Amino acid sequence: MTAAHAQAELGCERVLIIDWDVHHGNGTQDIFWASPNVLFFDTHRAAPFYPGTGNKEEVGVGLDEGLTVNVPLPAGCGDPSLVKAYREILVPAVEWFKPDLILVSAGFDMHRLDLCMNLSYSGFGALSGIVQELADNHCGGRLAMVLEGGYHLESLARGVRTVLEVLAGGDPPEIEEPGISEVAGLADFHRDAFR
Ligand SMILES: [Zn+2]
């Protein structure tokens, strides 16, 4: 496990794991459910979509309480909602947590050609820009992405290309429209943990 290795061998104390795959990262959540030095942030299609976990009330236990941040979203919510979730929930969480390494479980099955979340290539680019800026601001640019799922080969390939263009210094696309109102409620729910 990359995060555990980074902590044990590379001198990283606080690791942020971001999971933007459309499926909830239940395995990652289980591993770090009680870990006070790992912040896990997961946007995913809400249950009953597989695997059915990742309700917002799943926040970790003990010293990890509040360090598991689940953002379940309805099918079809699209770029504005994902960008809003990253800006309004992830960004304040990271400013509070101050990671020294950021890892991303980068699945591409949120794309509109894939599993119904209606993300565009620009959406992936915008998320990449937010994450890269967080890495630059908080941990000296230390950012690693791990390729996860993606069932539609065209959107998988073009999605990866879009992300790499942003990471290589391209301007991330602007996504300005308001997202779904559910995100505001989720942001309110998580906000207290980061004060
Ligand atoms: Zn997936």
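Reader: Which residues form the negative surface patch?
Author: Happy to start there. In this predicted model, the patch consists of Asp171, Glu174, Glu176 and Glu177.

Reader: What makes that patch negative?
Author: Its members are Asp171, Glu174, Glu176 and Glu177, and Asp and Glu count as negative. The patch is therefore called negative.

Reader: Why does Glu176 count as exposed, and where does Glu176 lie?
Author: Exposed means over 50% relative accessible area. Glu176 has 57% relative accessibility, so Glu176 counts as exposed. Glu176 sits in the loop between α5 (153–167) and α6 (181–191).

Reader: Let's turn to His23. How do you know whether His23 is buried or exposed?
Author: The cut-off for buried is under 20%. His23 comes in at 16% relative accessibility, and therefore counts as buried. Its place is the loop between β1 (15–19) and α2 (26–31).

Reader: Which residues does His23 touch?
Author: Not counting residues up to four places away in sequence, His23 touches Asp42, His44, Phe49, Tyr50, Pro51, Asp109, Leu115 and Tyr151.

Reader: Why is Ala85 called buried?
Author: With 0% relative accessibility against a limit of under 20%, Ala85 counts as buried. Ala85 belongs to helix α3 (residues 78–97). Leaving out residues up to four places away in sequence, Ala85 touches Phe41, Thr43, Val71, Leu90 and Val183.

Reader: How far apart are Ala85 and Glu182 in sequence and in space?
Author: They are 97 residues apart in sequence and 9.6 Å apart in space, C-alpha to C-alpha.

Reader: Now for the charged pairs. How many salt bridges does the structure hold?
Author: The structure holds 4 salt bridges. Side chains of opposite charge can pair when their charged atoms come close.

Reader: What makes Lys56 and Glu57 a salt bridge?
Author: The N to O distance between their side chains is 3.0 Å. The definition asks for a Lys or Arg nitrogen within 4 Å of an Asp or Glu carboxyl oxygen, so the pair qualifies.

Reader: Why are Lys56 and Glu57 called partly exposed?
Author: Partly exposed is the class between the buried limit of under 20% and the exposed limit of over 50%. Lys56 has a relative accessible area of 26%, so Lys56 is partly exposed. Glu57 is at 49%, and therefore also counts as partly exposed.

Reader: How do you know that Lys84 and Glu88 form a salt bridge?
Author: Their side chains meet at 3.3 Å, N to O, and the cut-off is within 4 Å, so this is a salt bridge. Both residues lie in helix α3, 4 residues apart, about one turn of the helix. Glu88 has a relative accessible area of 32%, and so is partly exposed.

Reader: What about Arg161 and Glu165: what makes them a salt bridge?
Author: Their closest N and O atoms are 2.9 Å apart. With a limit of within 4 Å, the pair therefore counts as a salt bridge. Because they are 4 residues apart in helix α5, about one helical turn separates Arg161 and Glu165.

Reader: Why do Arg161 and Glu165 get their accessibility labels?
Author: Arg161 has a relative accessible area of 56%, and exposed means over 50%, so Arg161 is exposed. Glu165, at 40%, counts as partly exposed.

Reader: And why is Ala106 called buried?
Author: Ala106 has 4% relative accessibility, and buried means under 20%, so Ala106 counts as buried. Ala106 lies in strand β4 (residues 101–106).

Technical notes
Residues are numbered from 1 along each chain as its sequence is written. This is a predicted model: local features need pLDDT of at least 70, side-chain atom pairs count only at pLDDT 80 or more; totals for chains, interfaces and linings use all residues. Side-chain values use heavy atoms; hydrogens and water are left out. Patches are made of residues with over 30% relative accessible area and no salt bridge: like charges are joined within 9 Å, nonpolar side chains (Val, Leu, Ile, Met, Phe, Trp, Tyr) within 5 Å. Accessible areas come from the Shrake-Rupley method with a 1.4 Å probe; for residues, only the protein chains shown count as cover. The place of a charge is taken as NZ of Lys, CZ of Arg, CG of Asp or CD of Glu. Helices (H or I, at least four residues) and strands (E, at least two) are DSSP runs, numbered from the N terminus. Buried means under 20% relative accessible area, exposed over 50%, partly exposed in between (1.4 Å probe, protein chains only). Contact means heavy atoms within 4.5 Å.
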